Amino acid sequence: MQWEWLIPFQGRNKSSWHEVNFVCRHEDVYVMDNHRVALWCWLQHLGPEERHHIVHIDQHYDMGAVGEDVLDGDPGRIRNATLADYLELPHSSRVPEIKAFDWGNYLSGHFMLSRPLVTGVTMSTWQVGSEWREPTPAIVEVPPAGLPQVLEAPGTGERLIINIDVDINHRPDPTLTQESMRALDDEHLHRIGQWVAERRGEGVVAATTIALSPECAGGWSSGEASVAALLEGMGMNWALPE
């Protein structure tokens with residue numbers, strides 16, 4: 001299987017708010033070390049007025065604060081940007097010194113820019129991070145342990161954005177003796193991958209964005225194994241260079 005490397009692999013380095021170590025693509029499926037570039041990927045496959053439903057599977061909400069004037073209200077600046085230019089987009093003409101998006105606010109940024117086009121959000125998280133305080137599309141939260149059975153097929157003709165971070169396999173440790181603890185196994189991700197493959201087979205998926213999140217999923221080795229299990233469920237082979 002051929003993967004196109006939009007950002008060639010930079011090594012198993014720190015992956016956090018603004019660092020991006022790789023992005024690769026096969027058809028409408030993207031894999032990256034964190035979700036900072038997810039919004040750019042989505043808009044390469046959605047038309048300017050195309051309505052869509054988002055499935056967000058992630059340890060975190062990814063709905064951090066973003067200003068009302070982000071990108072001066074113009075999502076076309078993302079759609080028409082190269083990936084390299086997207087990473088450098090300033091928040092707005094009012095605040096040019098701050099980058100528009102990081103790994104924790106791209107989803108709220110999308111709501112701010114394109115809220116009328118988002119028909120709804122199905123969200124499965126461990127409820128980590130900030131919840132969006134502005135008016136949002138209808139959000140339905142489902143328990144991670146019930147995945148993928150709790151996910152419903154989309155409505156007729158409804159386009160899907162599927163956004164998965166394999167750090168869903170970890171959750172904060174309630175005893176506070178460690179930063180996170182294993183919550184789900186990779187077989188769970190394999191079954192989620194099968195659900196994604198079914199939806200892609202139905203032709204309803206606009207784009208699927210998958211993050212490895214080594215900082216939150218037990219390290220690079222653990223995250224890579226989880227991504228491989230998810231993609232195997234989707235019928236795809238994937239591995240990072242040594």
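Does R199 count as buried, partly exposed or exposed, and at what relative accessibility? In this predicted model, where local features need pLDDT of at least 70, side-chain atom pairs count only at pLDDT 80 or more, and totals for chains, interfaces and linings use all residues, residues are numbered from 1 along each chain as its sequence is written. Side-chain values use heavy atoms, with hydrogens and water left out.

R199 counts as buried because its relative accessibility is 7%, where buried means under 20% relative accessible area, exposed over 50% and partly exposed in between (1.4 Å probe, protein chains only). The side chain of R199 meets that of E198 in a salt bridge (3.7 Å, N to O), the term denoting a side-chain nitrogen of Lys or Arg within 4 Å of a carboxyl oxygen of Asp or Glu. R199 also forms a salt bridge with E202, with the closest N and O atoms 2.7 Å apart. E198 is partly exposed, at a relative accessible area of 47%, and E202 is partly exposed at 45%.

The structure holds 12 salt bridges, among them one between the side chains of R159 and E50 (2.8 Å, N to O). This pair links distant parts of the chain, 109 residues apart, with R159 in strand β7 and E50 in the loop between α1 (38–43) and β4 (52–57); helices (H or I, at least four residues) and strands (E, at least two) are DSSP runs, numbered from the N terminus. R159 counts as partly exposed at 23% relative accessibility, and E50 likewise counts as partly exposed at 23%. Elsewhere, E27, D28 and R200 are linked in a network of salt bridges.
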